[in-house]
Amino acid sequence: MRSRRISLLGLLLILAVMIAACGGKAGESDEPLKSAGVLRVGTEGVYSPFSYHDTATGQLVGYDVDVARAVGDKLGVRVEFIETPWDSIFAALEANRFDVVANEVTITPERQAKYDLSQPYSIGEGVIVTRADDNSIKTLADLKGKVAAENATSNWSEIARAAGARVEAVEGFTQAIKLLNQGRVDVVVNDSIAVYAYLAETNDKSVKIAGTVGEKSEQGFAARKDSGLLPELNTALDQLRADGTLADISQKYLRADASGAPTADEPPPARSTWQLIADNLWPLAKAALTMTIPLTIISFTIGLVIALAVALARLSPNVLLSNLARFYISIIRGTPLLVQLFIVFFALPEFGVKIDPFPAAVIAFSLNVGGYAAEIIRSAIQSIPKGQWEAAETIGLNYAGTLRRIILPQAARVAVPPLSNTLISLVKDTSLASTILVTELLRQAQIVAAPTFEFFALYGTAAIYYWVICLVLSFGQSRLERRLERHVAR
């Protein structure tokens, strides 16, 4: 009898512990953001006026940025921003690079099925923007056969395409409106809030709102499906809406209320292009010195080590080694560098391998250089007469000694010009690192150009920096070739 009582008591204790444990976990998961103490936010940083860098301070600002900060204040957590291009922002979200996307994410049934979407913090309507002198487009039906500039993954591109327009993909609204100004496209379909803010910022009289698309657009935060973040986000947004914070932020950046109605605020004075360039010479140079150049040097150095190993494997009489080297070269040369970057940064986290942006870029670029440079080194080695191998053997040098003392010094002279071309190409290819959150030279130019719409000035300045870097490398190549002349057999 006593043993039964003890057993019953033991079962009750176990149940109590299990219930307490489950209750504790549930309690922790009710407020995951407060438990973590940080809200990681993914945003573009080049989407004025929602997410961009202030030209005076260089700080990340904008409507969506301030809303995210206000939500963080309400929740009592630190807000950390991770800047990501729009086309890869959802891939980065699914790879757990950040917790939410705050970048005017339009709430659609398709997105609701795949992501957790918060309550809307901005509401607008779709509008049709044309050049001021174009009266041929007034409704969606008039878009048939026209050319529209839209972000490839936005809902506006789907609306324009469904109306019969040919959609040219751009990175964002700022580039779309620039193409419209230049007469390269006929129309831009976008949110009224973005259009009103653009008109207030630039006082651009060359474009106009020609009509509406007949539907409202609601924008909110996007999180991974079943993330458990929506209760906290929605509660904070309710509080911000009730105390007037959302309206204040909207007026500050959009000069319109959250429904898209414009106010009578005067547009800001026009900015001097030359002053803009002068103010950003150092930020662009800093991006080149701290990101572009180190990324190039590190990747090229590691890539050369990989290339030498692969080249020697290709020349090896071992069939397995030779075929493995051939396969590696085939993969690297047969796939785009951008895809390789995305695999390292966005795909590997699905297998539990999460690499920070800069080292991820180094890995992708190094592997890419290794694949291309391997064939250059192999051909340079094979260009050395076989008689020199035989001569080295007769004086007692082994394989490694022959390579180090005789073959590689001469092969280096042959390989320098094509390897220099690979290095110069790598300098320019580092601009692709902006797609995986690395703020290098081109990304910095995009950041500055976004709120000002001065694309030619800033991109032109960035191009000059790239050109100067390549000139220095070309000069170094000439000096190196002259130094290696002494290794050439006469």
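## Reading rings, burial and a helix

Mentor: Let's start with the rings: a search of this whole structure, which is a predicted model, turns up eight aromatic pairs. One of them is Phe90 with Tyr115, a tilted pair with 4.9 Å from centre to centre and 40 degrees between the planes.

Trainee: Where do Phe90 and Tyr115 sit in the chain?

Mentor: Phe90 belongs to helix 4 (residues 89-94) and Tyr115 to strand 6 (residues 115-117). They are 25 residues apart, so this pair links distant parts of the chain.

Trainee: Is Phe90 buried or exposed? And what about Tyr115, buried or exposed?

Mentor: For that, look at relative accessible area; under 20% counts as buried. Phe90 has 14%, so it is buried. Tyr115 is buried too, at 9% relative accessibility.

Trainee: What kind of pair do Phe345 and Phe346 form?

Mentor: An edge-to-face one: the planes are 80 degrees apart, and the centres 4.9 Å. Phe345 and Phe346 are both buried. Also check what sits over a ring: Arg97 lies over the face of Phe345, 3.7 Å from the ring centre.

Trainee: Which residues do ring pairs link into a cluster?

Mentor: Tyr47, Phe50, Tyr63, Tyr121 and Phe221.

Trainee: Okay, helices next. How many residues does helix 9 have, and how far does it reach?

Mentor: Helix 9 (residues 230-242) has 13 residues and spans 18 Å from its first C-alpha to its last, close to the 18 Å expected at 1.5 Å a residue. Now a general point for reading burial along a helix. With 3.6 residues a turn in an α-helix, residues three or four places apart point the same way. Keep that in mind while you look at the buried residues of helix 9: Glu232, Leu233, Asn234, Ala236, Leu237 and Leu240. Just after helix 9, Gly244 takes a positive phi of about 85 degrees.

Methods:
Residues numbered from 1 in each chain as written. Predicted model: local features only at pLDDT ≥ 70, side-chain atom pairs only at ≥ 80, totals over all residues. Heavy atoms only, no water. Phe/Tyr/Trp six-rings, centres within 6.5 Å; stacked < 30°, edge-to-face > 60°. Helix = DSSP H or I, 4+ residues; strand = E, 2+ residues; numbered from the N terminus. Buried < 20%, exposed > 50% of the residue type's maximum accessible area, 1.4 Å probe, protein only. Lys NZ or Arg CZ within 6 Å of the ring centre and 35° of its normal. Expected span 1.5 Å × (residues − 1).
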